[in-house]
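This report is meant for someone meeting the structure for the first time.

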Amino acid sequence: MSRSRFIGLVLTAAFTSTALTAFDAAAQGAPPAPPVQVANPLAKRITNWDEYTGRFEASDQVEVRARVSGFIDSVHFSDGALIQKGDLLFTIDQRPYKLAVDVARADVARAKAQVELAQNEVERAEGLTQNRTITARDVDQRRANLNSAIGTQQGAEATLKNAQLNLEWTEVRAPIAGRISNRRVDPGNLIAGGQSGASLLTTIVAVDPIYFTFDVSEADYLRYARMSNPRDGASKDAGTPVEVRLSDESKWGRRGKVNFLDNALNARSATIRGRAVFENKDQFLTPGVFGRLRFFAGESDALLVPDTVIASDQAHKIVLTVGPENKVVPKSVVLGPLSEGLRVIRSGLTPEDKVIVGGNANPMVRPGVPVTPQPGEIKVATTN
């Protein structure tokens with residue numbers, strides 16, 4: 001064997017030995033499959049709710065206007081105060097209306113005197129007819145005078161009542177109980193009263209109870225209608241219990257009931273207007289405040305997972321699971337509402353799926369990568 005060939009064989013053997021050693025070292029130093037915690041979706045019977053956005057409205061609202069014209073003499077309330085029905089709000093200058101009452105009362109007294117005189121004339125004439133001292137025509141004339149005097153008296157009494165009513169209307173009182181707005185006029189201003197063109201003095205809203213209005217989609221309305229199938233369409237969903245929460249509240253702590261459903265769907269939005277009524281004894285709920293309302297929509301069996309295991313894949317929601325050979329398998333899911341702190345999965349999972357509930361934040365845990373599954377658990381949120 002030549003010297004050059006011998007050296008080549010030696011180098012080849014050395015290279016091969018080095019490569020095998022490097023391969024063994026790489027194999028021994030390869031990172032292990034990342035550990036993850038897995039658990040089956042929690043199978044549970046849940047209560048279904050349908051949620052809608054709406055806002056509170058006053059159960060009664062009144063624009064306070066005067067029935068008579070005049071100068072505002074005084075204001076008897078504080079802006080924004082709670083008032084009771086019948087409370088005095090404004091006083092209009094009463095002097096001209098008191099004078100009108102005095103004039104009307106004098107006219108009544110004058111009319112009564114004329115009636116009394118005409119009555120005496122009739123009685124005297126009836127006595128004279130027996131002696132044929134006066135003719136029957138004269139008696140009829142005196143009776144007509146009496147009836148005319150009675151009519152005049154009745155007209156005077158009606159005028160007096162009208163004057164007294166106008167005097168009463170100079171005291172503008174609250175027609176309902178509730179919270180009053182600010183005054184629109186100050187003392188000393190001349191206002192117009194009457195049935196048309198009357199000046200706006202203030203407004204009052206009744207907030208106990210208070211209404212909550214919302215819009216129901218056509219699809220939901222049809223579903224409710226098929227479920228209830230009432231004979232009287234005007235009473236659909238009347239009295240249905242509902243719950244509402246405000247934008248800064250996490251719990252559904254306010255309970256009421258539906259007391260009105262409109263008689264037609266809106267042609268533009270394909271929705272129908274509903275209204276629920278709530279107690280508001282502490283006057284906290286204010287007209288115009290938005291909130292979320294939910295209906296009881298029955299019970300059903302569902303699969304639940306934590307919200308933290310749900311990821312997004314473009315336009316889809318996915319959940320990572322462990323499949324055959326312990327490889328990560330993504331599954332597209334359709335989400336439902338939250339129930340007891342867990343997310344309802346409407347479709348995409350089975351009760352036997354091994355959902356990755358821990359360790360999914362590891363960047364090495366991705367679809368197709370083998371993992372080391374460890375037992376985990378899905379629990380409902382505890383409430384105090």
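## Overview of the chain

In this predicted model, 33% of the 384 residues of the protein chain count as buried. The protein chain holds four helices and 19 strands. Taking contacts between residues at least 6 apart in sequence, 74% join residues at least 24 apart.

## The pair α2 and α3

Helix α2 covers residues 95-128 and helix α3 covers residues 136-169. The two pack at an angle of about 165 degrees, and their axes are 8 Å apart. Because angles over 145 degrees count as roughly antiparallel, α2 is roughly antiparallel to α3. The crossing in which α2 passes α3 is left-handed. The residues of this contact fall into the classes below.

| Class in the α2 and α3 contact | Residues |
|---|---|
| Nonpolar | 18 residues |
| Polar | eight residues |

## Nonpolar cores

The largest nonpolar core has 21 residues, and those touching the most other members are L89, F90, L201 and I204. Two or more residues of this core come from each of the strands β2 (42-65), β3 (70-75), β5 (88-92) and β9 (200-217).

Which residues does L89 touch, leaving aside those up to four places away in sequence? They are V64, S74, V75, H76, F77, I83, V172, R173, A174, I180 and I204.

Note on methods
Residues are numbered from 1 along each chain as its sequence is written. This is a predicted model: local features need pLDDT of at least 70, side-chain atom pairs count only at pLDDT 80 or more; totals for chains, interfaces and linings use all residues. Side-chain values use heavy atoms; hydrogens and water are left out. Axes are lines fitted to C-alpha atoms, for helices over the stretch in contact, and angles run from 0 to 180 degrees between N-to-C directions. Angles under 35 degrees count as roughly parallel, over 145 as roughly antiparallel, 65 to 115 as roughly perpendicular and the rest as oblique. A crossing is left-handed if the near helix is turned anticlockwise from the far one by less than a right angle, and right-handed if clockwise. Ala, Val, Leu, Ile, Met, Phe, Trp, Tyr, Cys and Pro count as nonpolar, Asp, Glu, Lys and Arg as charged, and the others, Gly among them, as polar. A nonpolar core is a set of buried Ala, Val, Leu, Ile, Met, Phe, Trp, Tyr and Cys residues joined through side-chain atoms within 4.5 Å. Buried means under 20% relative accessible area, exposed over 50%, partly exposed in between (1.4 Å probe, protein chains only). Contact means heavy atoms within 4.5 Å.
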